[in-house]
Amino acid sequence: MKKANKAAMLSALICPGLGLFHLKQRLLGGAFMLAACAPLFMVAKLIFAQANKVVDRILSGEVSNDFLSIHAAVTELPKGEASEQLQLYTLCFIGVWLISIALSYMLGRRLDKQSTDRGTSQ
């Protein structure tokens, strides 16, 4: 399998930046991994805040302590600023992931071309 395809698949299917690690671009790969973790952390933070609100509503008696009521409260979509932040962080994560795939493929393609150029010149 060509390096370009393998690097792009690693970044697409496993983790953003992993294809760059495969291409020996460890600093760049690490940067993409960190850049992908930051919005994921923020999404998790928003989810935990939403879960805490549901717990507070259960403890106050606003939501009854049965499965269907808790399920309805948990599956309510966040409103206002939380909803906008969730969308922003999700788009940032997707953007980082797509850029990682594209960059992995381009750098891999360059390496593939260099190795074929060396093979034809000998």
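## A salt-bridge network

R57, E62 and E76 are joined in a network of salt bridges, a salt bridge being a side-chain nitrogen of Lys or Arg within 4 Å of a carboxyl oxygen of Asp or Glu. This is a predicted model, in which local features need pLDDT of at least 70 and side-chain atom pairs count only at pLDDT 80 or more, while totals for chains, interfaces and linings use all residues. Residues are numbered from 1 along each chain as its sequence is written, and side-chain values use heavy atoms, with hydrogens and water left out.

The count comes to two salt bridges. In one, R57 pairs with E62, with 3.2 Å between the closest N and O atoms. In the other, R57 meets E76 at 3.4 Å, N to O. E76 sits in the loop between α4 (67–74) and α5 (81–121), and R57 in helix α3 (residues 26–60), so this pair ties together parts that are 19 residues apart in sequence. Helices here are DSSP runs (H or I, at least four residues), numbered from the N terminus.

How accessible are these residues? E62 is exposed, at 58% relative accessible area. R57 is partly exposed at 24%, and E76 is partly exposed at 31%. Here buried means under 20% relative accessible area, exposed means over 50%, and partly exposed lies in between (1.4 Å probe, protein chains only).

## The buried face of α1

Now to helix α1, residues 3–13, where the buried residues are A4, A7, A8, L10 and S11. Looking down the axis of α1, you will find these buried residues within an arc of 160°, so they line one face of the helix. The arc is taken from the directions from the helix axis to the C-beta atoms. An α-helix has 3.6 residues a turn, so residues three or four places apart point the same way.

## The largest pocket

The largest pocket holds about 230 Å³ of space. Its lining has 13 residues, and those closest to its centre are L46, I47, Q50, A51 and P78. A pocket is an open set of points on a 1 Å grid over the protein atoms alone, where a 1.4 Å probe fits, with protein on both sides within 12 Å along at least five of seven lines; lining residues have an atom within 4 Å of a point. The volume is the space filled by probe spheres set on the points, which are joined across faces, edges and corners.

Which helix gives the largest share of the lining? That is α3, with seven residues; α3 and α5 each supply at least two. By class, the lining has ten nonpolar, one polar and two charged residues. Ala, Val, Leu, Ile, Met, Phe, Trp, Tyr, Cys and Pro count as nonpolar, Asp, Glu, Lys and Arg as charged, and the others, Gly among them, as polar.
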